[in-house]
Amino acid sequence: MSDRENWFVGELERRGVSRREFLGFCTAMTSMLALPASLSARVAEAIQRAEKPILVWLEFQDCAGNTESFLRAGRPTVAEIVLDVLSVDYHETIMAAAGAQAEEALQKVVGDRKGHYLAVVEGSIPTFENGAYCTIGGKAAIDIAREVCGGAAATIAMGTCAAYGGLPAAAPNPTGALSVRDAIPGLRNLVNMPACPANAENITALLVHYLTFKDWPPLDEYGRPLFAYGHLIHDNCERRGHYEAGQYVEAWGDEGHRAGYCLYKMGCKGPVTSQNCPRVRWNSGTNWPIGCGHPCLGCAEPDFWDKMTPFYSHLPGPPFLGPGYTVDRVGVAASVGVAAAFATHGLISFLKRSREKPEPAPAAPQPPDSKKGATL
Ligand code: SF4
Ligand code: SF4
């Protein structure tokens, strides 16, 4: 057994994790990454044998929410060990060093390990006034990002601000905030992990994939891993049956809300948002927003601060829906209403799937105000 494997087995024992639990974790990760079950042994082997990849975590115009999420990885014991596989050489929030010492640590990685470290960017990058809105150690964020990401083996844009610009880029965008992709055009090996914040389970799975294959999993047109962003919230939502049946929450705390009805009319953006929240959930799988009665705000989609607001108003509907409209058509029509405002692949998938869906039985109940359209 190599030193590395010895260390790993020792860590499992020290933290009271059985071999069975570890293998169960690898199977769960394999399934989450949508890999064939037969690859779970390879995942286990890679985690045990992998050289510690060096991680440099940059924070720019952010709230540190993704850092919080990263530090609270689910399945604590096993995931913690997997994350311990990483050598986090620079992370302003969690590193002991500060000031010149911290800057030296960063320069050492960038200088000595060029092409052999992973860069993570959290937060958007301001570009107005030569980047003066965010400087660290006297250097503009944009210059730091160019240098660090440019020399990295691969970069993760962590969270909605790094992936799309997020809240700092919301109109009127006073700092000229950009996503990593827009601030450093042509950056190679970039993967976007949007959401506010990115889910620790997805971060763990992404890193497990990288440890196993030294590459990112397949991505969508927004550079997001398909395993986490390949399906609409609406497609896997536990309240979908109520949507189909025309059973909607009409007011906070009403009978429908207490019965777990669909939150579409309370502003749910699940029909146009892609992420695996219904399956992975949050807080170690305890629950998720819709599960506890709150609509999805669409945080994993581009420009959600501008395009998904007002958060508690439902997707724009057509002016009139005749009596022949089915519940599904109401959803499609409402989603078409937002197409002019933002074109997401979620919307396209939703329309595609809606077209593929057979018509509901004629006796299916209509949405309560279908005759007036989908407005409240
Ligand atoms: S509209 Fe929202 S609450 Fe209703 S089924 Fe779709 S995702 Fe679930
Ligand atoms: S349910 Fe919607 S708003 Fe909530 S985390 Fe998931 S994508 Fe974001």
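On a 1 Å grid over the protein atoms alone, a pocket is an open set of points where a 1.4 Å probe fits, with protein on both sides within 12 Å along at least five of seven lines, and its lining residues are those that have an atom within 4 Å of a point. The structure examined here is a predicted model, in which local features need pLDDT of at least 70 and side-chain atom pairs count only at pLDDT 80 or more, whereas totals for chains, interfaces and linings use all residues. Residues are numbered from 1 along each chain as its sequence is written, and side-chain values use heavy atoms, with hydrogens and water left out.

The second largest pocket holds about 250 Å³ of space, a volume being the space filled by probe spheres set on the grid points, which are joined across faces, edges and corners. It is lined by 15 residues, and those nearest its centre are Glu51, Pro53, His116, Tyr210 and Lys214. Strand E3 (117-122) and helix H10 (200-213) are the elements that give two or more residues to this lining; helices (H or I, at least four residues) and strands (E, at least two) are DSSP runs, numbered from the N terminus. By class, the lining of the second largest pocket has nine nonpolar, two polar and four charged residues, where Ala, Val, Leu, Ile, Met, Phe, Trp, Tyr, Cys and Pro count as nonpolar, Asp, Glu, Lys and Arg as charged, and the others, Gly among them, as polar. The largest pocket has a volume of about 310 Å³, and of its 20 lining residues Cys196, Pro289, Cys296, Leu297 and Cys299 are the closest to its centre. Its lining comprises 16 nonpolar, four polar and no charged residues.

Helix H10 also packs against helix H2 (residues 19-32), at an angle of about 95 degrees and with the axes 10 Å apart; axes are lines fitted to C-alpha atoms, for helices over the stretch in contact, and angles run from 0 to 180 degrees between N-to-C directions. H2 and H10 are therefore roughly perpendicular to each other, a term for angles of 65 to 115 degrees, while those under 35 count as roughly parallel, those over 145 as roughly antiparallel and the rest as oblique. In this contact (heavy atoms within 4.5 Å), Phe25, Met29 and Met32 in H2 meet Glu201, Asn202, Thr204, Ala205 and Val208 in H10.

Conventions: Chains lettered and ligands numbered in written order.
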